[in-house]
Amino acid sequence: MKNRLSAKPCILGLAVAGLIAGSLLISGYIGFVDSNLFCSISGTGAPTITGYSPAEIQLQSIIHYATSKTVPQQSLDEIHISFDVLKVRCPCNFLVFGLGHDSLMWASLNPLGTTIFLEEDPKWVQTVLKDAPMLRAYHVQYRTQLQEADRLLSTYKSEPYCSPTKAFLKGNEKCKLALHNLPEEIYEKEWDLIMIDAPRGYFAEAPGRMAAIFSAAVMARNRKGSGVTDVFLHDVDRKVERTFAQEFLCKNKYYVNGVGRLWHFKIPPAANMSEADRTSDRFC
Ligand SMILES: C[S@@+](CC[C@H](N)C(=O)[O-])C[C@H]1O[C@@H](n2cnc3c(N)ncnc32)[C@H](O)[C@@H]1O
């Protein structure tokens, strides 16, 4: 009996190793593997801040998704848009609005980088981290409600600290769309990828995505380095997501592709914009 039990982890280990070896062989065969192989399927790497190595996070992820009945809400085609960018940019700084059934997947796809989740519901943070303590998540309090979306859109221009040339996030209490009280680490890092799939925006009192969209635009514009920010917005079948994306993420300028309910933007830092765009009082 003892032998049978102790053999189980070995069989599981072999199965996981087989899965990885199999995917390596297949992906190499179809020319999928590139210089970032090390990043997308990492067998090494120092433990992250949560104490788990990138390989451990990926192995946990394989086991989780192989045994879970709940799957991420985004479709395979939608996930592929971000995955294609991660393959090129990882290891990178990846900021994700919302914790969900996709969180372990996003962290696993950026193994040697930093992936941080911002979640509106403190209880949901605890629930998710209990099962996946390797994830890094912060609770965020929003100052907006979905029912204010139209008013926010029509009045934000009268607040100077919401203007593209003056807007900042940390401590910006005057601009209600600015996420002004995030953990210091969020302000210190420059985010290469930002996924906006939260907060909830499907009932009047929900926070809505207005502040997340505005703040992502400000993070991208205010980068000190020259890197562009890949911003992914989910649920663009909804009016608020679409109108705020058009106003702040610039559908007409920075939209690169999209599928299903996901739009993808590449936003340059203000320093790399034309003089006219950099000094304009409009985001787009
Ligand atoms: C719109 S959902 C997106 C979910 C994510 N894309 C996924 O695949 O699971 C995002 C928000 O819904 C809430 N949420 C998602 N799943 C939940 C659950 N099972 N229980 C409670 N809240 C949940 C959280 O507040 C989260 O930030």
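View 1. By class, the shell around the ligand is made up of five nonpolar, five polar and six charged residues, in a model that is predicted. The shell comprises 16 residues, of which the closest to the ligand are Gln73, Gly98, Gly100, His101 and Ala198.

**View 2. Strand β5 and its two covered faces.** Strand β5 spans residues 229-234 and is mostly covered, with six of its six residues buried. In a regular strand the side chains alternate between the two faces of the sheet.

View 3. Strand β4, residues 193-196, pairs with β5 in the parallel sense over four bridges, and Ile194 stands opposite Val231 in β5. Strand β7, residues 262-267, runs antiparallel to β5 and is joined to it by six bridges, with Phe265 of β7 standing opposite Val231.

**View 4. Helix α9 and its surroundings.** Helix α9 has 12 residues and reaches 17 Å from its first C-alpha to its last, which is close to the 16 Å expected at 1.5 Å a residue. Because 12 of the 12 residues of α9 are buried, the helix is largely enclosed by the rest of the structure; among the buried residues are Met210, Phe214, Met219 and Arg221. The elements that cover the buried residues of α9 include β1 (93-97), α7 (149-155), β4, β5, α10 (239-249) and β7.

How values were computed
Residues numbered from 1 in each chain as written. Predicted model: local features only at pLDDT ≥ 70, side-chain atom pairs only at ≥ 80, totals over all residues. Near = placed C-beta within 6 Å. Nonpolar A, V, L, I, M, F, W, Y, C, P; charged D, E, K, R; others polar. Buried ≥ 20, exposed ≤ 12 C-beta atoms within 10 Å, placed from the backbone. Pairing = 2+ DSSP bridges. Expected span 1.5 Å × (residues − 1). Contact = placed C-beta atoms within 7 Å.
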